[in-house]
Amino acid sequence: LGDDGAEASSLLPHKSISAITSQRFEAEHRAAGKEKRLSKKSSPREIPLVGELSNPAERLIGSPTICSPWEEALVPGVSQPPSEPLVAIGAARARGRRQYMEDRHVIVQDLGLIDPRLAGTQYLCVLDGHGGSRCADFMAADLHPRLASDMSTTGAASADEVRTAFRRCFAASDSAFLQVAQLEALADGATALCLLLHGAVAHVANIGDTRAVLARRPEAPQTERAMRERECEAVRLSVDHKPDQLAERSRVEARGGSVKILNGCARVVGPHCPTMLAVSRAFGDRPLKQGADGPLVSNVPHFTSVHLTRRDRFVILASDGLWDVLEDDEAVRLASEVSKNASAYGSRSSVSSTEARKLIPQAVADALLKRATELGSADNITVLVVWLEWES
């Protein structure tokens, strides 16, 4: 739970297509001939790809917010190597019982559109704002271009290099926002969860309690069919940074702060400010970044690098509005059940296999959002589902 990351892993090459905003895709998804439009190249100037920065949707169930590189026609002359997954993404979000929607999400299908040296690297981010949405808005626009410009060693970068890049960029983005917060007297903050997917390697960095969970089948039996029928296990790829964890409490207290339990929830408390926070790492939160011996709330991310295999089926990235009411294994089990129904529907309907595969992650994201709402989640909820399809 300290500042050091998890084990390192090296990167592998990957092919993907373009990046697209939530709003832009929703418009294209409704129009005819969307696949042709999606195959058009986008200029780098179109790329600050922010998931619904303004006028956040308040619907219960989200509609598809991204398209995915299923069609080989979108990558002319290139076929997907069997050792790398095809990827589809679904997204759903809701305001819940809160007065405002302060969650934000970003999906960039190819960071190579920002920096060609990162061609094939996909970026996903979930931001959970608190005390306002200004910090989440700022990070949604600032963080991925900063990462793209920092990670200039191309897709061959080692996990240690990626970890270092995340730390530099998190610190730089936080510093940039705090300057704005100082000028405008803002106290907004945001937790963050970032996923970089390059071929069969996933890099995850997070601060706060936005969480990533990988669905992984147990050790593969002899046949492919038997492996598909085995229930997935939930593997957490992130760490919830809570103030009552020993390492987090020690750091906060060493810097002049304290941790208090209020209404059953541990909170970071500053020595000379009324601000309290239920996470120990976050962006922003200017009053808690001014400890006598350093910031009480850290911007150093936990980092994990995972080499994906055929046992890995999907990744759920979500704000705590989901995880407050669903355990990791419950979310994975529900997602697995919904995916079977979506697959069965696709096989019975007239839609193509490509379109049917796209339906699965969106159906899963919608179902997770719906279940969290039914269970009484009182917070904003954002769910991203990254579906991994492995060629036979």
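Predicted model: local features only at pLDDT ≥ 70, side-chain atom pairs only at ≥ 80, totals over all residues.
Helix α3 covers residues 134-150. At 1.5 Å a residue, its 17 residues should span 24 Å, and the end C-alpha atoms are 24 Å apart, which agrees.

Strand β3 contains Asp-128. This residue is buried yet has no salt bridge; the nearest side chain of opposite charge, that of Arg-98, is 6.6 Å away. Residues up to four places away in sequence aside, the contacts of Asp-128 include Glu-102, Asp-103, Thr-191, Thr-210, Asp-320 and Asp-379.

Arg-98 instead forms a salt bridge with Asp-379, with an N to O distance of 3.5 Å. Arg-98 lies in the loop between β1 (86-94) and β2, and Asp-379 in the loop between α9 (353-374) and β14 (381-389), so the pair ties together parts that are 281 residues apart in sequence. Asp-379 counts as buried because its relative accessibility is 9%, whereas Arg-98, at 41%, is partly exposed.

By the rule applied here, the model holds 21 salt bridges. In one of them, between Arg-216 and Asp-312, the closest N and O atoms are 2.6 Å apart. This pair also links distant parts of the chain, as Arg-216 belongs to strand β6 (residues 211-216) and Asp-312 to strand β13 (residues 312-318), 96 residues apart. Asp-312 is buried, with a relative accessible area of 0%.

An α-helix has 3.6 residues a turn, so residues three or four places apart point the same way. Both partners count as buried, Glu-248 at 1% relative accessibility and Arg-251 at 12%. Elsewhere, salt bridges that share partners join Arg-211, Arg-236, Asp-240 and Asp-328 into one network.

Three strands form an open antiparallel sheet in the order β8-β9-β10. Its edge strands, β8 (258-262) and β10 (276-277), each pair on one side only. Between β8 and β9 (residues 265-269) there are 5 bridges, and Ile-261 has Ala-266 of β9 as its bridge partner.

Key: Residues numbered from 1 in each chain as written. Heavy atoms only, no water. Helix = DSSP H or I, 4+ residues; strand = E, 2+ residues; numbered from the N terminus. Expected span 1.5 Å × (residues − 1). Buried < 20%, exposed > 50% of the residue type's maximum accessible area, 1.4 Å probe, protein only. Lys, Arg positive; Asp, Glu negative; His and termini not counted. Salt bridge = Lys/Arg side-chain N within 4 Å of Asp/Glu carboxyl O. Contact = heavy atoms within 4.5 Å. Pairing = 2+ DSSP bridges.
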